Amino acid sequence: MEITIVLGFFIIFLSIYGLCVSKNIIKSIIFLNILQGSIILLFLDLVNFKNAKVPILPGEINMMVDPLPQALMITTIVIGASVTSLLLMMSIKLFHHYGTINWKELMETE
Amino acid sequence: MSEIILYITILVIVIIIIKEKKILNTIVFFSVFSLILAFLYFYNNAPDVALAEIAIGSAILPLIFIISISKQKEYVVISKVNDDFINSKEGELCGYGYAILKEFTESYKLNLTIIFDNHFEFEQNITGIFKKTAVDLIVEKDIENDVYILKGRRSSLLLNKLDAMIREYDNILLLKLLGDESNE
């Protein structure tokens, strides 16, 4: 097993740990973004092999990386940005309604 | 080999973000994280994904985070009175009610915004998600009893802290109204 795949899994589990531990809502949203970025990194690492080339056409086709996962990952980045902006808007509304964005204080309010 | 160094740098940055308490520092570290991640995408033979990550992850997303934090720190007060409680003389705000509100918002690191508007209805304008400005407090005056009335949402924790601050004043009354639940 390659060491880069192991490190990628380690970053994913570390970001899940941060998502569970963080008390501020904005920090949770940041960890959601970090989780998304590390999952994309793992996907790109799994299709990559040794001495591979960039998938641009004049060149050897047998030595190119599979371009389909890369196209899907661009879509994922754009969708993640829109989800982040929606979550931030909801956190602003939550602050003006309850007066706090701390998870623990929000659990205590009715 | 250089790939593994970049991986370890990312690991260190994620640990720093977990340990960091200030939210603005966290956003700056997130921007650095996205930049190094774009380098790693380039090493994995995906230059198009790296370009999208540089543009969105390290420039646009921190901008959106900082804008939303500055929006959260606004505390909007609608004032219907314009006498020695709160008044504006040539653009400068003064009055002892203004001093109380200023002390309250500065202790919670909020920015106070006061709008003078005589025709503001609580139930119609403070509820609902799609309003332009989120109003937090309304100042009114009861002429018969000579009492100033502050109206706010019952669900807000900040209103309970304001209630503890104005308990020593006799002529100020705090009304806790139901927010969105009053329609049911």
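How many helices and how many strands does chain A have? In this predicted model, in which local features need pLDDT of at least 70, side-chain atom pairs count only at pLDDT 80 or more, and totals for chains, interfaces and linings use all residues, side-chain values use heavy atoms, with hydrogens and water left out. Residues are numbered from 1 along each chain as its sequence is written, while chains are lettered from A and ligands numbered from 1 in the order in which they are written.

Chain A has four helices and zero strands, where helices (H or I, at least four residues) and strands (E, at least two) are DSSP runs numbered from the N terminus, and along the sequence the pattern reads α-α-α-α. The C-alpha atoms of chain A fill a box of roughly 65 × 30 × 15 Å along the principal axes. The radius of gyration of chain A, taken over C-alpha atoms, is 19 Å, whereas a compact globule of 110 residues would have a value near 13 Å, by the rule of 2.2 Å times the number of residues to the power 0.38. Of the 110 residues of chain A, 45% count as buried, that is, under 20% relative accessible area, with exposed meaning over 50% and partly exposed in between (1.4 Å probe, protein chains only).

Ser38(A), in helix 2 (residues 25-47), is buried, because its relative accessible area is 2%, and, leaving aside residues up to four places away in sequence, Ser38(A) touches Ile11(A), Ile12(A) and Ser15(A), contact meaning heavy atoms within 4.5 Å. Leu68(A), in helix 3 (residues 67-98), is exposed, because its relative accessible area is 55%. Leu68(A) and Ile12(A) are 56 residues apart in sequence and 23 Å apart in space, C-alpha to C-alpha.

Turning to the interface, 47 residues of chain B are in contact with 49 residues of chain A. The two chains bury about 4,400 Å² between them, 74% of it on carbon and sulfur atoms, buried area being the accessible area (1.4 Å probe) lost on putting two parts together, summed over both. In chain B, Tyr7(B), Asn45(B) and Gln72(B) lose the most area to chain A, together 16% of what that side buries. The elements of chain B that give two or more residues to this side are helix 1 (2-19), helix 2 (23-43), helix 3 (47-72) and helix 6 (157-165), and helix 3 of chain B gives the most, with 13 residues.
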